[in-house]
Protein chains: 4
Amino acid sequence: MDEGVPGLPKVDVLQRWVAEHRTMASLGKVASYIPALAKVDPMQLGICIIEPRGTMMTAGDWQVPFTMQSIAKVVGFIAACCHWGIPYVLDRVDVEPTGDAFNSIIRLEMHKPGKPFNPMINAGAITVSSLLPGDSSEQKLDYLYGIFQKVTGARPAVDEEVFQSEWMNAHRNRALAHYLKDTGYLACEVEEALEVYLKQCSIQVNTEQIAMIGLVLALDGFHPMSRKQVFPKEIVRLAKALMLTCGMYDASGKFAANVGLPAKSGVSGGIMTLVPANRRSHASFPDGCGIGIFGPAIDACGNSVAGVSLLKEMAREWDISIF
Amino acid sequence: MDEGVPGLPKVDVLQRWVAEHRTMASLGKVASYIPALAKVDPMQLGICIIEPRGTMMTAGDWQVPFTMQSIAKVVGFIAACCHWGIPYVLDRVDVEPTGDAFNSIIRLEMHKPGKPFNPMINAGAITVSSLLPGDSSEQKLDYLYGIFQKVTGARPAVDEEVFQSEWMNAHRNRALAHYLKDTGYLACEVEEALEVYLKQCSIQVNTEQIAMIGLVLALDGFHPMSRKQVFPKEIVRLAKALMLTCGMYDASGKFAANVGLPAKSGVSGGIMTLVPANRRSHASFPDGCGIGIFGPAIDACGNSVAGVSLLKEMAREWDISIF
Amino acid sequence: MDEGVPGLPKVDVLQRWVAEHRTMASLGKVASYIPALAKVDPMQLGICIIEPRGTMMTAGDWQVPFTMQSIAKVVGFIAACCHWGIPYVLDRVDVEPTGDAFNSIIRLEMHKPGKPFNPMINAGAITVSSLLPGDSSEQKLDYLYGIFQKVTGARPAVDEEVFQSEWMNAHRNRALAHYLKDTGYLACEVEEALEVYLKQCSIQVNTEQIAMIGLVLALDGFHPMSRKQVFPKEIVRLAKALMLTCGMYDASGKFAANVGLPAKSGVSGGIMTLVPANRRSHASFPDGCGIGIFGPAIDACGNSVAGVSLLKEMAREWDISIF
Amino acid sequence: MDEGVPGLPKVDVLQRWVAEHRTMASLGKVASYIPALAKVDPMQLGICIIEPRGTMMTAGDWQVPFTMQSIAKVVGFIAACCHWGIPYVLDRVDVEPTGDAFNSIIRLEMHKPGKPFNPMINAGAITVSSLLPGDSSEQKLDYLYGIFQKVTGARPAVDEEVFQSEWMNAHRNRALAHYLKDTGYLACEVEEALEVYLKQCSIQVNTEQIAMIGLVLALDGFHPMSRKQVFPKEIVRLAKALMLTCGMYDASGKFAANVGLPAKSGVSGGIMTLVPANRRSHASFPDGCGIGIFGPAIDACGNSVAGVSLLKEMAREWDISIF
């Protein structure tokens, strides 16, 4: 099937779906562990889809700024792999899904000697932050921002209010970081790794920017505007496999089953996903696309309720699952 | 890139790769928990690839019979969904990867009330066996064999020696089944469910037959020879998502990262995998294909060492990852 | 302090306390996993205390028959040690408290290779049952009944209705037994060990009989009526240490802190405890005593609510803690 | 039996045993996580026993100074209970043994909402440190030192070299503390609680001082030299129950079975134990005694190898088990 409602242009369909699925937000609630997130309007929902030739479809609150939170884990992982190569990074963080909550510490202790299970959960992402090149948090962040800039064209801005809140409330992440330091899986000091990790979480974006990152991933690292291969294809492939198996916290399996696209969510309500470019010509997005979503009311797993609901509809109606 | 070695037909390349990767078998060993498996020659390696128009490429020990073991979990899951529909089945077994060993019982107790995490690990597969329609193990197996027959055209044969061995040594599976009975996740008696489960594990196949099943999955349930839709597309999509996230035991994440195809392995050394049909025309298999592999020396996770090694080469050289 | 209420004989005090603490039963409920236990009047409470010279103090429903359930684990452990000696038994079951529920299976898998943590939880007790001498469940039970008879002077009677119910509902225990069989910690067949285990659980007693067993433990294995050392002192000491650290399920630590006596409870509401004989002459029970309690309403851990409450009062007022 | 070797005074027997059990040290090794501990001579073994009338028996390296390490957990727990009362403290830390390693974090996450299982493992002891009265680490330590002084008569001295080493290497303890902060079980800031906790670990003692603490515990809080009740009896009883069930790390059950005395060990090789005063006149120590041991080579659980071996001999020959 080519589109959700015969006869309507895709963007009109999209706007109707956004209106419909926005109501799902009432089943979730905004993250409340820091004030900056708690005060967001939970009923927002926005989407931005970008195709390789630059066509952009948008609906709802697509321009509202939010912080990347866990979506930044994908960028951090790509950054570390770009500098060190894949084998070096995978020696320090595994790529197995766990079924555990994003901030779980159990598995670090159960599976000696504490190698984090994957870079999409906090423990792994903090290890990845510590691996970024540089002798200080500034240098590590500078490297990370450069990777980000290759895609979006601009240095990312950190939401200082969110960062300060995160920093003051990072007890669980500090516990993870100290655990990793103890077992030797942290490549720098705890505070340095945490600053990098929490600043990358606090990068401010809107759905257009994460759709743009998604698009570059869809094209295996090729940037369709700059016409450059900005990341090696092998690294991007690996990142997409990780997103599919581990990107939606402990609902990753259900998301793979119901939607079937590589995706990464954040507790601020963002979802970065994509349709890979290598699809047959009858598909809705023959050349792939990047998709950014923002819907701040999240479920118990940490995923945007309305966002996941909207993606299920899109997958069902537009036949965009990779399976 | 179109093929592994420029200028050579694919089948010649395949035969060379089989010769090369066969040596990897020395890094693994055959399953030894029952005599019938322990006596198999560990250095065997065979592959069969079938394309939608019936073209078949084979190499090595592709005709050697072996028992399906965990590969049958895919068929059992599809069978239960065909009868009850997806929602009924997913109420009784989840679809989350775990990172745990295939026979782990920990998670059943940790995550109350003991719903099995996914149908690709033993606990979930035993639940699925209990769900098959029928009032006896015979009726349940009859239904399952019918599903199998829709694909291969023949009633499956059970290797009685293997089944008897499995049955006598099924202590861990009995522990799982009794646990599931206690928590209410078994829909029939323990011994009945175990007979169904262990008989499906003991179905004798060769690589051609599992490649054929893989091909029907690649085509979303459409059988290219009988020209019939033998399974609903939604069920097949779900099965493929499960294979990708959970199909290679606790190395599923690494397999997704390194190979990037939906696959299911068994401890007898079989791997059933496939290239989905919905791929761009420049790919090596534009219309998809089913792949069956047999390499009985397995690693600590339970996957064929030479088989996985061969698939990595194919994925790298033929560019067949779904990501 | 010598007694709870100055001027009153101990037995009068005891009767008043039983009346008072009986009301605590409303905070618990009777075990309901089998009908035979579920139909018991929850508000019952009885106690029997026996001193070395045969003095017996009783109050409340002390004559009501009930099944030993987990209290029999102590007798089974002593029996196995009497036959094999302590080192042989401790090679097959550890003596560490766990903090886990009585029927937990997690630790068997987490701590390779699955040696049960202690003989006071189900996994360890089933292993102990399998160790009893004899080639059949009849012979093993015969040995066990003989041990019981050494203390009480009579062959124990099994409540057949309870046993049949237990046998039909033993899914979780069957799971544990099959797990132990798989890891090699079961010394006979699963069904044989389970029959022994569940029959010992179904032995019918009243508070006098368990007080009598407690008294022999208090005297380090010496039977004050027969004037014989019926069990070796080292085995009895070990059994008392186990009762103190592991005897009250996952509330053993709290019981040691609040009462401070070796004790073993059962889900039928029985508690067998004792004051060791080696106490200074100013104590309430200078020569030790055995204590049997019956109060069928149990808490979430599996211990008699009114029984534990009564023992706290006795420990506080009569100063009988071993610490 | 009254003594180990007929005809010899106890102190001579003790000296012979020390010489014999010293050789057991070769089965362990000194703690090596900080340099200050790693450089200690592993073959040392010393013991000091003090009876209520002040009689002191010593043997071996009883005068060698060492740091209290986990032995201080007992003093910290008593201190917190003296200030807040038992119920307040037990609302914030449980009293259940776990069978887990001393620095395990798993159970905090498994058993929501993360209440530490007992004050004898690191998580619980850090919580207790945070509970000490005072608005700063200095004030909290001042209170703790005062409790210590009530027993030994002198302000304790902190080994600054050890403290600095501990402070720099406290990653795992920082992980625990941050976890406790996250779940609300830390009553002050992380760094403040850690300073208190690590300074109490670094208090320098010899076997005489810990024997003196043990003696006061043996006498239920009564100090036989100052003739004062320095701690409430209920608190001391509770502390002894905790020592018995949880005091020897994850070998507490085995120690209770083999020795049968309340005890607390530290990774520096110290063991503080005692014979309660309430024992019959035929016992070796009719009025109780305090026992301090130092033997720095520790086993995998963290207990002095030679020290435990010596205590087993004493328990066997002198019949001092509380059971």
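Arg237(B) and Asp319(A) are both buried, and their side chains meet in a salt bridge, 2.9 Å from N to O. This pair crosses between chains, running from helix H12 (residues 233-246) of chain B to the segment after helix H14 (305-318) of chain A. Keep in mind that this is a predicted model.

**Salt bridges**
- Searching the whole structure turns up 66 salt bridges over all chains.
- Asp319(C) pairs with Arg237(D), with the closest N and O atoms 3.0 Å apart; here too the pair crosses between chains, from the segment after helix H14 (305-318) of chain C to helix H12 (residues 233-246) of chain D.
- Asp319(C) is buried at 16% relative accessible area, and Arg237(D) counts as buried at 12%.
- Asp220(A), Lys233(A), Arg237(A), Lys240(A) and Asp319(B) are tied together in a salt-bridge network.
- Asp287(C) and Arg53(C) form a salt bridge at 3.2 Å, linking distant parts of the chain that are 234 residues apart.
- Asp287(C) is partly exposed at 26% relative accessibility, while Arg53(C) is exposed at 70%.

**Helix H9 of chain C**
- H9(C) covers residues 171-183 and reaches 18 Å from first C-alpha to last, close to the 18 Å expected.
- Eleven of its 13 residues are buried, so H9(C) is largely enclosed by the rest of the structure.
- The cover over those buried residues includes helices H5 and H9 of chain B, along with H5, H6, H8 and H10 of chain C.
- Just past the helix, Gly184(C) takes a positive phi of about 90 degrees.

Terms used:
Residues numbered from 1 in each chain as written. Chains lettered and ligands numbered in written order. Predicted model: local features only at pLDDT ≥ 70, side-chain atom pairs only at ≥ 80, totals over all residues. Heavy atoms only, no water. Helix = DSSP H or I, 4+ residues; strand = E, 2+ residues; numbered from the N terminus. Expected span 1.5 Å × (residues − 1). Buried < 20%, exposed > 50% of the residue type's maximum accessible area, 1.4 Å probe, protein only. Contact = heavy atoms within 4.5 Å. Salt bridge = Lys/Arg side-chain N within 4 Å of Asp/Glu carboxyl O.
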